[in-house]
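Biologist: I am new to reading models like this one. Please take me through a few features.

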Amino acid sequence: MNFANPMGLIWASLAIPIVIFYILKIRLRRVPVSTILFWRQIFEEKKPRSLWQRLRHLLSLLIQLTFLALLVGALTQPFFSWEIDAARRVVLVIDNSASMNATDVEPSRLARAKELGQRIIDGLRARDDMAIIAAGTQPQVICGLTGHQRTLHEHLTAVPASDGPTRLAESVALAGRLVNDDKGEPKHVQVIVLTDGCAKDFAEITKMDHVQIVGVGRRTGNVGITAFQARRSLLDPIGYEILTEVVNYSDEQVECRFEIDLNGDVIEVVPLKLAANEKWSKVLEKTSASGGLLTARINRDDALVADNRAVALLPHREYQPVLLVSATGDLFLEKVLEAHALVQLSVVRKPPAPSSPPRNGGDKGKDTITVYHHQVPNPLPPGPALVIDPDNGCDLWQVGDKVQNPLVTKQDHDSPLMAHIRLDNVLMPEARQLTFTPAAGKPHVLAAALTGEPLLVALDRPEGKVLILTVNLDKGDLPLRTAFPILVTNTLAWFAGGRGELREALAAGSITEVMLPQPSARQYLLHGPDGQIRKLPPGVARTTIGPLDQCGVWSIVVAAPGADPVQEIACNLANREESDLRPPEALPSLGEEPARAMGFAGRPIWFYLLVAAWLLAGLEWYLYQRRWIS
Amino acid sequence: MPLFDSDFLKKLEYLSLVSKRLFRGTLLAQRRTMQLGGGIEFADHRDYTPGDDFRYLDWNLYARHDELLLKRFQEEEDLHVYLLLDCSRSMNFGVPCKFNFARQVTAALAYIALADLDRIAVVAFAEDIIADFPLTRGKGRILALLSFLENLQPQGADTNLARVAGGFVHRNQRRGLAIVVSDLYDPGGFERGLDLLRHHRYEPHIVQIYDRREADPTNMLGDLELYDIETMQGRKVTITEKNLRQYRKLFEAFEQSVQRYGNQYGIGCTRTSTEIPFDELILKMMRAAGAVR
């Protein structure tokens with residue numbers, strides 16, 4: 001036997017004063033009595049037990065010394081060498097993914113898993129260490145290796161629920177790294193996984209060594225929204241499309257109603273009748289310039305709530321004032337602009353005076369887009385401008401010779417301006433050769449001829465963006481091609497900035513990158529749908545946020561009271577594995593709990609010594625109260 | 001604080017009045033003897049015989065029936081009451097002190113007897129007779145008696161009731177009521193002394209006094225040194241709950257032995273705790289018909 005704290009033996013010296021006190025004769029209390037007749041009868045009857053009377057005091061001393069010995073023994077924390085050899089390193093992997101929020105077992109699968117985990121912690125032996133890892137969204141060490149059961153209980157209780165996916169294999173791998181010591185001996189290592197098995201990688205962990213799976217949950221049917229996305233139409237400026245997918249993850253037919261509303265106004269109701277394991281998917285086309293929050297719901301009470309609701313953010317579309325300056329007029333150009341649902345078109349023959357730049361009424365935040373056809377004022381006025389076939393130069397470029405039959409050989413497909421556009425098969429008999437001045441900065445050539453002459457150039461100057469198309473629209477078939485209205489639409493969207501971009505609804509547990517406006521001046525906060533607030537790193541224009549482990553709308557707001565969100569992100573469960581609440585066959589059924597280890601018997605030796613000391617103290621108290629000892 | 005103050009005397013007077021009104025001579029004095037003689041209370045008639053005193057002829061009866069009958073009267077004889085007061089050190093115990101209580105009871109009984117025209121004597125004893133208040137009569141002697149009682153002190157090393165009774169019965173005195181006021185803690189046994197009184201045709205009555213702490217000792221657990229205040233003997237003991245229970249049983253057995261002795265020989269026996277005021281005890285004794293007679 002060894003002692004973890006041999007210094008505790010010093011306390012054994014307390015035996016000396018105890019013995020001294022017993023050796024010293026204690027003065028008895030004198031009590032007068034009127035006659036000793038009766039007492040004499042009592043004690044003379046007990047004469048045969050006089051030996052016991054003498055031993056009584058010795059017994060009292062022995063009890064005291066034994067009590068001290070037990071306490072000193074407990075202080076030294078003795079242990080056997082086999083205890084060290086038999087010590088286990090246990091990792092409790094608890095699945096806190098979205099499917100664990102299912103309520104098929106009361107109150108939920110996660111709560112049940114925690115309850116089982118608490119029992120496992122109670123069963124730890126004295127020298128055992130345990131760590132806790134949460135396997136939802138991202139494997140996370142909730143509590144490092146410790147043998148302190150109260151700490152383990154507290155950390156297990158604090159494991160949060162999430163709507164994220166399950167990461168069992170990664171968690172078990174992390175557990176393996178956590179428990180394997182430097183020698184790499186896997187002896188007495190055990191990984192206990194508390195899961196419902198609703199994960200892609202469940203089969204993988206069933207084959208691993210030292211992994212014990214404890215099943216939570218029953219085979220339960222569920223209907224969930226597995227996909228819900230919205231995007232603006234590429235053709236219709238105010239149109240948008242909704243991608244929906246609903247799956248019946250049950251073994252029987254289910255009837256329910258699928259509803260979609262935009263900012264609270266119902267826009268679609270679909271009665272569904274889904275056979276077992278049937279998937280219903282549909283793309284819905286709607287129109288709305290306003291945009292907002294799209295919410296999809298299934299009116300069915302099932303075990304998992306998270307996938308009965310999905311959200312998506314539809315970008316708002318704003319009307320754009322456009323001033324077409326064309327001395328000769330171009331019907332194609334005019335009609336293309338008029339056809340755009342968001343354009344408020346004005347047509348003039350001559351450019352407006354520089355002293356009164358065209359503005360859209362009192363709306364100072366929106367610059368009027370000026371389209372210069374042939375005529376270009378010098379210098380080019382501030383504000384966004386689309387220049388088509390310029391006849392003259394300005395402060396940004398000089399006009400050169402005409403280019404005959406330019407063939408488009410270079411096209412920047414990555415630019416949003418060139419999305420869905422192909423110019424290589426467009427007949428363009430004539431174009432203008434341009435030479436850009438240093439004031440133009442770095443022109444971004446979106447399309448160029450074989451000879452290198454730029455045909456479509458974007459300038460991003462501080463006074464406003466400029467897009468220059470050098471092709472003569474009167475010649476060639478560009479106005480007749482679908483590429484032309486798409487180019488105009490892309491151009492208008494480019495001028496409008498990112499306000500019309502697609503904002504994808506992310507799956508729960510995702511990590512995404514966001515752009516922050518005016519990063520140096522402000523502190524931004526990320527507000528979760530459940531009210532949680534995370535600080536974003538200050539002073540950066542681009543940052544990564546996540547994992548977004550709760551379904552709903554996440555908001556990035558300035559750290560100021562009452563501030564409006566600067567950006568919103570929709571987050572949905574959108575995970576087929578999590579929505580399917582039917583556990584795999586390999587999952588142990590509920591009730592097959594892990595064999596409890598030692599319980600009370602697994603305590604350290606000092607614990608038993610302490611218990612013995614307390615029992616002895618109780619015995620001494622009992623004996624003293626009955627004056628069997630002094 | 002004096003033992004016999006004015007309140008005490010008032011209570012004595014009250015007890016005296018109560019005894020007359022309620023018991024009309026059945027307590028102590030006015031005990032009629034069967035001797036007929038020169039009393040004043042009519043008893044019966046007998047035939048006249050020559051030589052009888054003519055003053056006792058019932059002339060009314062002679063006038064009606066023409067028959068000479070002589071009236072007979074019952075002769076009254078006063079009672080001798082001997083109060084044997086235990087003055088041993090064992091009486092000097094308890095709250096209130098048993099000795100004081102015994103002296104109050106003795107004084108009260110003596111006063112009632114004197115008020116009933118009986119004769120009383122007080123014999124103070126411990127291991128032997130230590131003091132005497134001679135036979136006396138009349139309420140006027142009560143103050144002298146109180147003074148005698150007040151001057152008594154607890155003394156003696158060992159109560160010996162047999163020796164006391166032996167000395168008492170061999171005195172040349174009339175027989176009468178012998179009231180023993182004592183705790184009866186006699187190492188040799190109280191019975192021998194009382195037997196002597198009985199055998200010498202005294203009519204004993206026991207007033208046994210004890211303190212509540214004697215009957216039910218408390219705060220006596222653990223290692224103690226008990227010392228007898230009478231013999232001054234000490235004993236180191238360890239008292240347990242079991243010992244206390246044994247003690248209570250022994251004490252109860254002792255009390256029952258006293259009662260049993262009284263019942264066996266038709267002796268009046270009054271056992272009392274000092275917690276009861278002495279006047280209530282006297283009333284209790286009065287109510288117990290024949291307690292003194």
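Modeller: Start outside. Ile16(A), Ile20(A), Phe21(A), Tyr22(A) and Leu24(A) form a nonpolar surface patch, with about 500 Å² of accessible area together. Such a patch joins nonpolar side chains (Val, Leu, Ile, Met, Phe, Trp, Tyr) within 5 Å, from residues with over 30% relative accessible area and no salt bridge. A salt bridge puts a side-chain nitrogen of Lys or Arg within 4 Å of a carboxyl oxygen of Asp or Glu. Areas come from the Shrake-Rupley method with a 1.4 Å probe, and for residues only the protein chains shown count as cover.

This is a predicted model: local features need pLDDT of at least 70, side-chain atom pairs count only at pLDDT 80 or more, and totals for chains, interfaces and linings use all residues. Residues are numbered from 1 along each chain, chains are lettered from A and ligands numbered from 1 as written, and side-chain values use heavy atoms, without hydrogens and water.

Biologist: What pLDDT does chain A average?

Modeller: pLDDT is the predictor's confidence in each residue, from 0 to 100. Chain A averages 85, and 90% of the residues score at least 70. Over residues 358–365 of chain A, pLDDT stays under 50.

Biologist: Is Gly509(A) buried or exposed?

Modeller: Buried means under 20% relative accessible area, exposed over 50%, partly exposed in between (1.4 Å probe, protein chains only). Gly509(A) has 13% relative accessibility, so Gly509(A) counts as buried. The C-alpha atoms of Gly509(A) and Leu548(A) are separated by 4.8 Å, yet these residues are 39 apart along the chain.

Key
Patch = residues over 30% accessible without salt bridge, like charges linked within 9 Å, V, L, I, M, F, W, Y side chains within 5 Å. Contact = heavy atoms within 4.5 Å.
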